[in-house]
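Visitor: I have a model open on my screen. Please show me how to read it.

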Protein chains: 2
Amino acid sequence: MHVTIIGGGGFIGRKTAQSLAEKGSLRGQTIQSLTLADIAAPDTLDAPFAVHTTACDITDRASVDQLITTDTDVIFHFAAVVSSHAEEDFEVGMKVNLDGTLNILERCRMLGTCPVVVFTSSLAVFGGEVPDPITDHTIPNPQTSYGMQKAIGELLLNDYSRKGYVDGRGFRLPTISVRPGKPNRAASSFMSSIIREPLNGEPAICPVDEDQEHFYLSPRRCVENLIKGAELNAPDLGQQRCMTLPGQRLSIRQMIDALTAVAGPKPAKLIKWEAQPDIAAIVRGWRFDYRFDKALALGLKADTSFEDNVRYYMEDDLPNT
Amino acid sequence: MHVTIIGGGGFIGRKTAQSLAEKGSLRGQTIQSLTLADIAAPDTLDAPFAVHTTACDITDRASVDQLITTDTDVIFHFAAVVSSHAEEDFEVGMKVNLDGTLNILERCRMLGTCPVVVFTSSLAVFGGEVPDPITDHTIPNPQTSYGMQKAIGELLLNDYSRKGYVDGRGFRLPTISVRPGKPNRAASSFMSSIIREPLNGEPAICPVDEDQEHFYLSPRRCVENLIKGAELNAPDLGQQRCMTLPGQRLSIRQMIDALTAVAGPKPAKLIKWEAQPDIAAIVRGWRFDYRFDKALALGLKADTSFEDNVRYYMEDDLPNT
């Protein structure tokens with residue numbers, strides 16, 4: 001069993017690699033090697049199998065051809081430029097998120113080995129005119145170029161699977177919280193930092209009302225789902241290989257109450273409420289009323305309560321002090 | 001007003017050109033020129049404006065760049081390889097239906113003139129796991145590569161429109177009947193030939209049961225809708241530029257009854273009932289329970305009864321004898 005993670009330098013890629021290192025096997029077979037690829041070669045990690053790290057530019061077909069070989073059994077394709085970047089630079093988004101995904105699928109088609117491909121899609125495929133709730137049968141009507149490119153990735157993954165070129169499975173990720181690391185420019189950044197920074201002993205700003213709802217999944221449960229996703233049997237996936245991952249619909253207030261329940265009253269006092277109308281307007285445009293029946297039927301899981309999300313951050317990611 | 005029809009050699013392209021020639025204007029402006037492009041230069045036609053005919057290979061970006069210029073105000077993009085061809089030859093389907101559409105949209109983006117682009121999509125985008133009825137909010141879950149490529153075309157058209165690169169509008173065509181011309185290898189071919197051949201005084205074979213239902217639109221009404229579609233105001237299209245065209249759900253029996261009502265009892269006697277289980281199985285897999293609320297709200301129309309479809313064929317397409 002040879003596994004390749006494309007986007008292996010990102011935090012979901014790294015956590016997937018760590019989880020595979022702990023597990024040692026995938027789809028019932030011992031892992032012989034893991035290749036971590038990203039635009040710059042990622043750091044390696046300790047594992048009971050060989051770990052290769054390599055730079056791969058998925059927009060360059062030759063680079064993809066070198067990465068994916070007849071030995072490759074399972075590909076986790078997490079590489080993408082994010083929403084704000086794809087919106088600012090249309091060409092970069094098309095190159096990485098569309099051409100890059102096509103390069104990976106075309107390489108697999110040429111090899112004729114039908115590897116398992118796990119693709120991370122996004123709830124950004126949804127929006128526009130569709131009514132709530134958003135189900136497995138709702139049309140993607142994306143309102144960002146990133147969402148358009150992910151929705152195209154889903155269609156490609158489905159058809160390449162139907163034709164037997166890959167054995168694909170695509171998962172639309174809820175907003176991941178508590179995300180480790182630093183705040184970034186994403187409008188959703190605060191959805192992790194209002195929990196993460198206070199647990200790190202640092203102040204954080206909440207730019208929206210406490211009753212603002214959204215749809216969340218912890219990094220730990222996300223990675224569990226992606227690995228389970230790789231292990232699903234193709235016939236169980238039916239005619240639609242892509243689905244929304246289970247998540248929890250929560251208000252900011254519920255998240256902060258969970259923080260306090262797990263870590264006591266001190267961290268929440270580090271949250272400053274500073275209305276940022278531009279951020280609030282973006283977030284109000286997002287959907288949070290999702291159904292995920294297909295993923296549940298296949299055994300994929302949401303977190304049980306946001307208290308778990310807080311605990312997972314403390315156990316997995318809290319910096320040593 | 002300069003209009004270009006890509007796929008101008010096909011029967012929908014030709015009928016659109018003829019209709020524009022009769023009308024003389026589009027979007028409230030007098031037409032100065034019409035360019036008919038296809039993989040081979042189409043025949044010209046009589047019109048009160050200049051008609052140019054040219055060969056254009058949409059898979060070749062340079063060929064597209066030559067066709068579409070800063071003068072181009074409205075593009076009808078009808079060019080595609082059909083379902084069975086795209087299924088047999090995956091690469092040709094991807095090149096024409098995906099890369100070709102991208103070449104057209106990218107050329108428009110580079111020009112910066114935001115032309116109106118009318119794109120013909122297909123009900124082949126639907127299928128798979130989605131429940132009936134299929135509405136404007138149903139996810140495309142195509143079960144052919146052609147359907148996948150058309151669904152991607154819809155996503156691209158929407159996003160290029162959202163970004164202001166084109167002013168797109170996409171229409172999923174019902175099965176067109178009565179289609180002029182000869183039978184072809186499409187599984188749906190008999191849905192026109194059981195009406196057309198008897199009206200031409202020739203025998204025809206019906207390979208399915210008389211209670212088989214399907215979803216139809218006449219060529220005349222189809223072209224009216226596509227031209228109205230070009231004339232819609234962008235703000236009225238909202239956040240979803242693509243929609244199912246109105247059609248009629250009919251059984252084979254209802255179609256034959258309409259044939260008899262219009263043309264008397266003789267033509268129906270030329271229909272031979274020869275069960276073809278392979279054709280019947282394909283057709284049984286097709287959906288026919290569609291809703292088309294958005295198109296209706298925008299003033300697009302189905303035929304009133306299949307008797308009209310029969311009459312339109314006799315008026316527009318019956319060969320002179």
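Visitor: Which residues does Leu156(A) touch, not counting residues up to four places away in sequence?

Guide: This is a predicted model, where local features need pLDDT of at least 70, side-chain atom pairs count only at pLDDT 80 or more, and totals for chains, interfaces and linings use all residues. Residues are numbered from 1 along each chain as its sequence is written, chains are lettered from A and ligands numbered from 1 in the order written, and side-chain values use heavy atoms, without hydrogens and water. Leu156(A) touches Leu98(A), Leu102(A) and Leu105(A), plus Met94(B), Met148(B) and Ile152(B). Contact means heavy atoms within 4.5 Å.

Visitor: Which residues touch the most other members of the largest nonpolar core?

Guide: In soluble globular proteins, nonpolar side chains tend to be buried together. A nonpolar core joins buried Ala, Val, Leu, Ile, Met, Phe, Trp, Tyr and Cys residues through side-chain atoms within 4.5 Å; buried means under 20% relative accessible area with a 1.4 Å probe, protein chains only. Here the largest core has 84 residues, and Ile68, Leu156 and Tyr160 of chains A and B touch the most other members. A second, separate core of 36 residues includes Leu45(B) and Ile176(B).

Visitor: How is chain B laid on chain A?

Guide: Two copies of a chain are related by a rotation about an axis and a shift along it. Here the turn is 180 degrees and the shift 0.0 Å, with an RMSD of 0.0 Å, superposed by least squares on C-alpha atoms of residues with pLDDT of at least 70 in both. That is the relation of a two-fold axis. In chain B, Ile139(B) comes closest to the rotation axis, at 1.8 Å (C-alpha).

Methods:
Buried means under 20% relative accessible area, exposed over 50%, partly exposed in between (1.4 Å probe, protein chains only).
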